Amino acid sequence: MKLATSSTIPTSGQCREHLKLLEALHLLREDVATTDGLYGIYDRFVDDVYPGKELDEKRAQLLLKLREKRWAIYVTNAERRYTIWFETLPSARRSMPGQQALVAISEHFEETSGKPGFAFDSVTLPPLDVLMVWHAHLLNPHDFLEDCIRYDKKLVWDTGLPLPIISQCINNETFEYRTSEKAPDHFRRTTGLRWDSFDDDQQPILNCPKCAQAKQVVWTTLTTADFWREPNYRDRGSGLADPEFAMSCDRCFTTSTHEALRVRKFQKDRKALLEKDLPMPGTYLNTKGRLPPIVNLSSHAPFFPNNLLKSFRSPRFEKLDKPGTSIHDVREIIEQGIEDLPTRGLRPQKFAVRKMMSRYWSNSSIFALDLVGAVIRQGTFIEKMHAIDWLHSPAVQSTMNRLLTKYGRYFTILKLNRGKTAVPTLDVDLAW
């Protein structure tokens, strides 16, 4: 994770500030997950599915699933709000940089030492749900770097996570996140969103991938006890935050699914490549996760998918306009195009294609990764930090000093054992 500091080694103070943020996120999850009736999901479903108390273990498991579902919906909405907020952050240009523009910025984009970023304060910090997604985004630094390059957010990259300001907004005893009284108005002016996500319109609006007709959809259809009966409840939900999302367009009668939204993302990116020379997602960084100096656009290895897609004739992609297409169909088209090449693609070229395609598997967002999944995965680590409860330990300072020592030794182990995997302990992972 990139911090708002010129040092590459975290301090004990930053580790404690990070722990405060993680505890605030833990409390947010607990509050959302245990709010009975949120998104139409009620704890009473447990009594309907398992009447009586003779099945205590199954009742407890179902109650846990209900709470996990509330949280998953909340995170899905948080990712939507983060997307809107991210797009409002300052950019150097009025448009995304094309391949030629990347030649000019490739040599200095990552150089941040001593350069001021965006000055966040208690007024400009976002709400906690947006901050949570931002935190998860930063924990995937290569993806965050790519997104900052793609959307020309160098100031955001230079800034990193402003932990000192965030820590000042988190109460040391209750861990409540409270910013300036002016923050909600500032957030509303810049994003059009309310500070509390529950005060926003609870039903999302999507545009049909085929005709662009706007339609309001629901977050979930799992709002009766019958949907939660074993064994197939997970596969039956058709809301936006459900696995089997389905939206029927009132104008063209096309049924949109998660896969359709991913295909639409690819088609939109391909159109931007052809018309505006905007590189495809996943084609910015090299195999080491860096933005290397670009000497020749045609031979620049990460740009191979861009050059490949430019060489394709439009009829190759006509099948993607048909109902029921998926990202698997996109992959087949590209693989066939590689087979038609005289060299059938070299290893770096195939890697570049796989990296581009990784931006579309299970991801229809504008970002390089599925941030909903990233937030939920990070929840496991947050719960472990909460259980250890270092913040309430009288030896917290010595614990932070010790883990930083282990953090330095961990990187020494990595350096001396190149090509091998070393799994960090929880305390080292906190510093990382």
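Tutor: D427 counts as buried, at 12% relative accessibility, where buried means under 20% relative accessible area, exposed over 50% and partly exposed in between, with a 1.4 Å probe and protein chains only. This is a predicted model, in which local features need pLDDT of at least 70 and side-chain atom pairs count only at pLDDT 80 or more, while totals for chains, interfaces and linings use all residues. Residues are numbered from 1 along each chain as its sequence is written, and side-chain values use heavy atoms, with hydrogens and water left out.

The partner of D427 is K406: the two form a salt bridge, with the closest N and O atoms 2.9 Å apart. A salt bridge is a side-chain nitrogen of Lys or Arg within 4 Å of a carboxyl oxygen of Asp or Glu. The pair links distant parts of the chain, since K406 lies in helix α16 (residues 396-416) and D427 in helix α17 (residues 426-431), 21 residues apart. Helices are DSSP runs of H or I with at least four residues, numbered from the N terminus. K406, at 29% relative accessibility, counts as partly exposed.

Another pair may be set beside this one. E259 and R262 form a salt bridge whose closest N and O atoms are 2.6 Å apart. These residues are three apart in helix α11, so about one helical turn separates E259 from R262. E259 is partly exposed, with a relative accessible area of 22%, whereas R262 is buried, at 15%. In the whole structure, a search finds 17 salt bridges.

Methods:
Helix = DSSP H or I, 4+ residues; strand = E, 2+ residues; numbered from the N terminus.
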